[in-house]
Amino acid sequence: MDVMGDKATLFESGRIVQPAEQDEAGETGEAGETGEAIEEARHRLAAEAGDIEAMSVLGAMLLRRGDLDGAEPRLRAATAAGDRAAANNLGVLLHQRGYADEAAGWWRVAAVAGSAAAAHALGRHHRERGDEPAAEYWLRQSAEQGHTLGAYALADLLEHRGDEGAERWMRAAAERGHREAAYRLARTLDRRALEAQESGGDNGVAASALDEVEQWYRQAAARGHRRAALHLGAILEKRGDLKEAGRWYLTSAKDGEARAACALGFLLRDAGDTESAAVWWLRAAQEGDGNAANALGALHAERGETQTAERWYRAAMDADDINGAYNLGLLCAEQGRTAQAEQWYRRAAYTGHREAANALAILLLQGGDATGAEPWFSKAAEAGSVDAAFNLGILHAGRGDDETALTWYERAAAAGHTEAALQVGIARLREGDEQTAERHLRCAAGGGSAEAAYRLATLLDARRPPAPAHELGEPSHEKSECEEWYERAASQGHRRAQVRVGMLAAARGDVVEAARWYREAAEGGSRNGAFNLGLLLAREGSEPEAALWWTRAADAGHGRAALRLALVYARRGELAEGQRWADRAVSLGPAEVSERATRLRDALRQELSA
């Protein structure tokens, strides 16, 4: 057992033998050995002279040293004389010899005499025998006398039974310095705080609870509890105190906590120290941490070391981390090993890995098996995969089932999927529900969708009142919200938005800004951008360069650009070339352009035949 004497009683009477001081090398110093020997000799002489207290203390000293044969006669003699500390220690000795029932008898004697340590030992004895009522009785006797181990053992028993009184005694043990009690109390409070957060409770109360959680983790960690150090590190990392978090992860990892070594690896990787991260991941993976094995696999995959990556992903699977199978699937898919990728995706998907189910469905869909893909998309979506919900929307939209597609798009959009929000916005615009459309377009645009930003800008633009005429010398107006969205989309490379921003700049008289956006759109393949850039250049007197951009636009199917080119060549006297572009404009349209181009073409023909 872990107590070899009623320490409270022994301290009060001054009969406790203090442990010898140790030198820096960790060995008992010569002075300590001499002092202990002298003390033992003194108690031995007194015991031989019949001193009951000396017998008890000498027996405790010998028991602590492991000399059971020497301790037993002294403890029996002191016990027979009524010394309760000797009775407790005799119980400890007999328990060590394997005589549990006889040990319990002496613990009962000491406990009835008021020994809290004996009551604790007796309570544990009854619990080991399955007699919980007797265990609770004696552990409560010990705990109520202030015995730390008794309080912890009572809390453990009550917690096992689901008794609400467990927390009181766990707290009592923690307050008296019991590190496991402090850790378990922190875990209880941590779970409670998490439940309160999830239920939307008072933020102030939740913050206060988290502070207490941290306090108990810190107390247990300071006393060497490696899992407490791990959890304390996680709290600090979440709060942004990365330096202190790293220190606690390191402490826990050095004590053998694989999860802490893994977490330390991620912290180092995020700080840019990949080599040190790999060292800790290796240590954690070798101790059976699947997450660390996956991290090592990903690291080697990034370096192109696919065989090593595969080995670590398999190690992750051996550690019952199903992410290993999913990552193996990704690795095989990247290498074009489709059959193997499907095999690993299936293995992970069958265990409920939602992203593996989604990846498997995509693989099947790419292979033309839409029927086989759909149930896997559904399984992944029902398990919470936002991407799978979006993919189901695409699948149903491809079949023309817009109503079902919209249902899945809305589900994905509600979970924050940007492209799904865009699709919902487009659908609601078609239905005329501008308010709902605007809400979803704002979500998608805020999530980085250039198309959503452009469509939102178009929606807001249509609501704007006509701008007043701009007089020369007046300052230009401030940009409206729709212009800001146009610019955001344009800056993300959206060609139609770039053309629109150019048009707005031109309307303000900012020719340089307009030309910049038109040119960017044109170089990105926008025929409208090329046409408008040509107009701008022509107005600035650069018709030859304008003709180059109109040619690019006309070649891309822009009718107005073809008409402009026909006019340019007609003015230059190059009637045949003008007629060619007029023919092109007639075929491209629209109707107004075709009509004008027809008249020009006929005139050029007459001129050529004259």
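Q: A charge sits over a ring if NZ of Lys or CZ of Arg is within 6 Å of the ring centre and within 35 degrees of the ring normal. At what distance from the ring centre does Arg516 lie over the face of Trp517?
A: The structure is a predicted model. The cut-off for the distance is 6 Å. Arg516 is placed over the face of Trp517, and its distance from the ring centre is 4.3 Å.

Q: Over the ring of which residue does the charged end of Arg580 sit?
A: The distance to the ring centre must be within 6 Å. For the charged end of Arg580 that distance is 4.6 Å, and the ring belongs to Trp581.

Q: Which residues does Trp376 touch, not counting residues up to four places away in sequence?
A: Trp376 is one of the residues that touch the most other members of the largest nonpolar core. Leaving out residues up to four places away in sequence, Trp376 touches Arg346, Ala349, Tyr350, Ala357, Leu360, Ala361 and Leu364.

Q: How many residues are in the other core, which has Ala155 and Leu267 among its members?
A: In soluble globular proteins, nonpolar side chains tend to be buried together. The largest nonpolar core here holds 60 residues. Apart from it lies another core, with Leu230 and Ala245 also among its members, and its size is 56 residues.

Q: What kind of aromatic pair do Tyr183 and Tyr217 form?
A: The count of aromatic pairs comes to 7. Planes under 30 degrees apart count as stacked and planes over 60 as edge-to-face, with the rest as tilted. The rings of Tyr183 and Tyr217 are 6.2 Å apart centre to centre, with 50 degrees between the planes, and the pair is tilted.

Q: How far apart in sequence are the parts that the pair of Tyr183 and Tyr217 ties together?
A: Tyr183 is buried at 7% relative accessibility, and Tyr217 is buried with a relative accessible area of 0%. Tyr183 lies in helix α11 (residues 179-198) and Tyr217 in helix α12 (residues 203-222), so the parts tied together are apart in sequence by 34 residues.

Q: Why does the pair of Phe266 and Trp281 count as edge-to-face?
A: Planes over 60 degrees apart count as edge-to-face. The ring centres of Phe266 and Trp281 are 5.1 Å apart, and the pair is edge-to-face because the angle between the planes is 65 degrees.

Q: Is Phe266 buried, partly exposed or exposed?
A: Buried means under 20% relative accessible area, and exposed means over 50%. Trp281 has 2% relative accessibility and so is buried. Phe266 has 22%, so Phe266 counts as partly exposed.

Q: Which residue does Gly589 join through a cis peptide bond?
A: Most residues other than glycine have a negative phi, and most peptide bonds are trans. The bond at Gly589 is cis, with omega of about 5 degrees.

Q: What is the phi of Asp320?
A: Asp320 lies in the loop between α18 (306-318) and α19 (323-334). With a relative accessible area of 74%, Asp320 is exposed. Although Asp320 is not a glycine, its phi is positive, at about 65 degrees.

Q: With which side chain does the side chain of Glu257 make a polar contact?
A: Glu257 lies in the loop between α14 (242-254) and α15. Its relative accessible area is 7%, so Glu257 is buried. Residues touched by Glu257 include Arg227, Leu230, Ser252 and Glu287. The polar contact has a distance of 3.5 Å, and the partner is Arg226.

Q: How far away is the cysteine sulfur nearest to Cys443?
A: A disulfide requires two cysteine sulfur atoms within 2.5 Å. The whole structure has 0 disulfides. Cys443 is in none, and the nearest cysteine sulfur, that of Cys482, is at a distance of 19 Å.

Notes
Residues numbered from 1 in each chain as written. Predicted model: local features only at pLDDT ≥ 70, side-chain atom pairs only at ≥ 80, totals over all residues. Heavy atoms only, no water. Core = buried A, V, L, I, M, F, W, Y, C linked by side-chain atoms within 4.5 Å. Buried < 20%, exposed > 50% of the residue type's maximum accessible area, 1.4 Å probe, protein only. Contact = heavy atoms within 4.5 Å. Phe/Tyr/Trp six-rings, centres within 6.5 Å; stacked < 30°, edge-to-face > 60°. Helix = DSSP H or I, 4+ residues; strand = E, 2+ residues; numbered from the N terminus. Polar contact = N/O pair within 3.5 Å; in protein donor to acceptor, adjacent residues only side chain to side chain.
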